[in-house]
Amino acid sequence: MGGTRWQAEGPAPREGREPEPEGRSRVDLLLAEELSYWDRGVAVSFPGPGLGEPSLLSMGTDEQRARFLEPFARGDRPRWGAFAMTEPGAGSDVAAIRTRARRDGADWVLNGEKSFAANASRADWIVVFATVDPALGRGGHRAFVVERGTPGLGDFKVEHKMGLKAYESTSFTLRDCRVPGANLLGGEAHYAGRAGFKGALRAFNATRPLVAAMATGIGRAALDESLAFAREHGLLGDVRVRDRLERVRRRLRLARLLGLRAAWLADQRRPNLTEASMAKAVAPQAAFEAASLGMELVGLAGGRGDQLIEKLFRDVKAMDIVEGTGQIQRLIMARALVGYPRD
Ligand SMILES: Cc1cc2nc3c(=O)[nH]c(=O)nc-3n(C[C@H](O)[C@H](O)[C@H](O)COP(=O)(O)OP(=O)(O)OC[C@H]3O[C@@H](n4cnc5c(N)ncnc54)[C@H](O)[C@@H]3O)c2cc1C
């Protein structure tokens, strides 16, 4: 590590400029951690704009933000929003999405298939990523808000999951699905150059620390379960058990601090790409270690399927997968370290 400069956080806001209003990322993070401590699946099932919100905030026009986000503040009925990037043939490699967007007069026509989108079947709208030309890679991406009831949006199917069963992950299809031009996120001008893809990246920089916080919450629950079991069964006298419990606490604390650092940078409107990936790479692994330790302590009983620790063990795996897997975060960080472009 000798000589490595810790300078990845980007420039401070320029002098003489009005300070940007502070964001709410850190509060969101602490809420996400606490809710996930109790049950991450239930937390995601709660009404709200969900993962669609960061895309609207980072790419949407003022009019689109007002039209699609303000109804959530009314409280007249439960509402959900959703985010659909993943396809059966495109997960980590988002450049491989094949859902096509074709301009037709003032509208756009979408055709394709999406998978694993949280709460999509009950959502008022879904932020759908599509491509105008797969040969353009990420440069061809466009994001649309597809509203519930739009003809051609259908075939919703709830996916089977090993954990996080309290909310629905849904696949669906778009068949000649006509979307008004006003629902192209950010409007035409937003997609000059690679701005469309950059908007998606900014959204990931907001959601990755959130997923890290959720993992930390699940990890804390697993640590508490492990401690309670070890205490109840007289295992705390064993130095190896104490040492492993403490290591888990240390790693979870570190994960939380990394997430808060990424969120603080976001709140300051400063680049946080490396910190967001770092939090996302570290927290799920720390939480996985917590749940694995709990399973080891409980022993055979963990395999029966009626212990909380076994549920946490199943829930935590997804935290390493969603919003870019651990491997992908490590690739991003390594490229940033040596000064390669992001993709
Ligand atoms: C519970 C859950 C909820 C989800 N919610 C949503 C949602 O709301 N909206 C949405 O759009 N998607 C959602 N997803 C999908 C999620 O984003 C994808 O599963 C994720 O991007 C990984 O894609 P994949 O599953 O196709 O795996 P793949 O991309 O096929 O990867 C398989 C394995 O290969 C590794 N790998 C891939 N590429 C590389 C590489 N270049 N170098 C090294 N290793 C690599 C990966 O890390 C992984 O271990 C959800 C998934 C889950 C499990």
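**Confidence**

The mean pLDDT of the protein chain is 89, and 90% of its residues reach 70 or more. Among the elements of the chain, β7 has the highest mean pLDDT, at 98, while helix α4 (residues 195-232) has the lowest, at 88. The stretch to treat with care is residues 1-22, where pLDDT stays under 50. For this stretch the model has 20 contacts beyond four places in sequence. Where pLDDT is low, the predicted coordinates should not be read in detail.

**Overall form**

The protein chain comes to 8 helices and 7 strands. Its radius of gyration is 21 Å, close to the 20 Å that the globule rule gives for 343 residues, so the chain is as compact as a globular protein of that length. Taken along the principal axes, the C-alpha atoms fill a box of roughly 75 × 50 × 40 Å.

Of the 343 residues, 48% count as buried. The accessible surface of the chain comes to about 17,100 Å², and carbon and sulfur atoms hold 56% of this area. Among contacts with a separation of 6 or more, 74% are between residues 24 or more positions apart.

**Salt bridges**

The structure holds 25 salt bridges. Here are three of them, with the N to O distance for each pair.

| K311 | D39 | 3.3 Å |

Take K311 and D39, whose side chains meet in a salt bridge. K311 lies in helix α7 (residues 308-321) and D39 in helix α1 (residues 25-45), so this pair ties together parts that are 272 residues apart in sequence. D39 counts as buried, because its relative accessibility is 18% and the cut-off for buried is under 20%. K311 is partly exposed, with a relative accessible area of 25%.

R67 and E63 make a local pair by contrast in setting: both sit in helix α3 (residues 62-69), and being 4 residues apart they are separated by about one helical turn. R67 is partly exposed at 30% relative accessible area, and E63 is partly exposed at 42%.

R122 is partly exposed, with a relative accessible area of 33%, and E168 counts as partly exposed at 26%.

E33, E34, R220 and R256 are linked in a network of them.

**Aromatic pairs**

The structure holds 8 aromatic pairs. One of them joins F83 and F204: the ring centres are 6.3 Å apart and the planes stand at 75°, so the pair is edge-to-face. F83 is in strand β1 (residues 81-84) and F204 in helix α4, and the pair links these distant parts of the chain, 121 residues apart. F83 counts as buried at 14% relative accessibility, and F204 counts as buried at 9%.

Elsewhere, ring pairs link F68, F72 and W125 into a cluster.

Key: Residues numbered from 1 in each chain as written. Predicted model: local features only at pLDDT ≥ 70, side-chain atom pairs only at ≥ 80, totals over all residues. Heavy atoms only, no water. Salt bridge = Lys/Arg side-chain N within 4 Å of Asp/Glu carboxyl O. Helix = DSSP H or I, 4+ residues; strand = E, 2+ residues; numbered from the N terminus. Buried < 20%, exposed > 50% of the residue type's maximum accessible area, 1.4 Å probe, protein only. pLDDT = per-residue confidence, 0-100. Contact = heavy atoms within 4.5 Å. Rg over C-alpha atoms; globule rule 2.2 N^0.38 Å. Areas by Shrake-Rupley, 256 points an atom, 1.4 Å probe, with all protein chains shown as cover. Phe/Tyr/Trp six-rings, centres within 6.5 Å; stacked < 30°, edge-to-face > 60°.
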